[in-house]
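Here's a quick walk through one protein model, written for someone who likes cut-offs spelled out. Have a look at the structure first, then read on.

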Amino acid sequence: MTRKSRRLILIAACGAVLALALGLILSAMSGSIVFFRSPAEVATQGVAPGTRFRLGGLVTEGSVKRGPDQNVEFSVTDTNATVPVQYRGLLPDLFREGQGIVAEGTLDAGGVFRADTVLAKHDENYMPREVADALKAQGRWQEGAGKEAAKEAPKDAAKPASADATLGQRSER
């Protein structure tokens, strides 16, 4: 066997081992790649009790009940289905009724989601100024979306002219 053929066999064997390892990793992660499940998915897929997953949706209006020792009960909905949630601990500052959340935990036999982590999502209408400006320039800006960001963002007249001039001079060099 020549040196060249041994090298090709070694490269092919390493490639096969790498492909096998990648396939095993992807198959092991196939159940946990989903960012979160909606309440409708929980209801239709019949999640087994004790299965750990993330539940995402909106906190149902009027469902938040605070108990002793930082116990909180609330419901999460996606307008198609609702899942009751129990959580013990401090809630994020952005947590409120009607707000989007993602909770991590397990479903018990009674259909109650026992969360050990609750993350509150920012307002879906928030949009960084740069993105809003780019969408306006493309004509794809929807009025009403990102109003809060548009109110808080300074106007173009407020930008110092020297910053644009300096950037222009630097890019010419």
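A word on burial before anything else: a residue is buried under 20% relative accessible area, exposed over 50%, and partly exposed in between, using a 1.4 Å probe and protein chains only. By that rule Asp116 is partly exposed, because its relative accessible area is 42%.

## Ground rules

This is a predicted model, where local features need pLDDT of at least 70 and side-chain atom pairs count only at pLDDT 80 or more, while totals for chains, interfaces and linings use all residues. Residues are numbered from 1 along each chain as its sequence is written, and side-chain values use heavy atoms, with hydrogens and water left out.

## The overall layout

The protein has 5 helices and 6 strands; helices (H or I, at least four residues) and strands (E, at least two) are DSSP runs, numbered from the N terminus. Reading from the N terminus, the order is α-α-β-β-β-β-β-β-α-α-α. Of its 173 residues, 24% count as buried.

## Salt bridges around Arg52

There are 4 salt bridges in the structure, each being a side-chain nitrogen of Lys or Arg within 4 Å of a carboxyl oxygen of Asp or Glu. Glu104 and Arg52 make one of them, at 3.5 Å from N to O. Glu104 sits in strand E5 and Arg52 in strand E1 (residues 52-59), so this pair ties together parts that are 52 residues apart in sequence. Arg52 is partly exposed because its relative accessibility is 46%, and Glu104 also falls in the partly exposed class, at 24%.

Arg52 also bridges to Asp116, with the closest N and O atoms 2.9 Å apart. That pair links distant parts of the chain too: Asp116 is in strand E6 (residues 113-120) and Arg52 in strand E1, 64 residues apart. Put together, Arg52, Arg54, Glu104 and Asp116 are linked in a network of salt bridges. Elsewhere, Asp108 pairs with Arg114, again with closest N and O atoms 2.9 Å apart; Arg114 is partly exposed at 39%.

## Aromatic pairs

Rings of Phe, Tyr and Trp (its six-membered ring) pair if their centres lie within 6.5 Å; planes under 30 degrees apart are stacked, over 60 edge-to-face, and the rest tilted. That rule gives 2 aromatic pairs. One of them is Phe74 with Phe95, edge-to-face at 5.0 Å centre to centre and 65 degrees between the planes. Phe74 is in strand E3 (residues 71-77) and Phe95 in the loop between strand E4 (82-88) and strand E5 (100-107), so to speak a link between distant parts of the chain, 21 residues apart. Phe74 is buried at 2% relative accessibility, and Phe95 is buried at 8%.

Most residues other than glycine have a negative phi. Which way does phi of Asp69 go, positive or negative? Positive, at about 55 degrees, although Asp69 is not a glycine. Asp69 lies in the loop between strand E2 (65-66) and E3 and is exposed, with a relative accessible area of 55%.

Thr79 also has a positive phi, near 75 degrees. Thr79 is in the loop between E3 and E4, and at 68% relative accessibility it counts as exposed.
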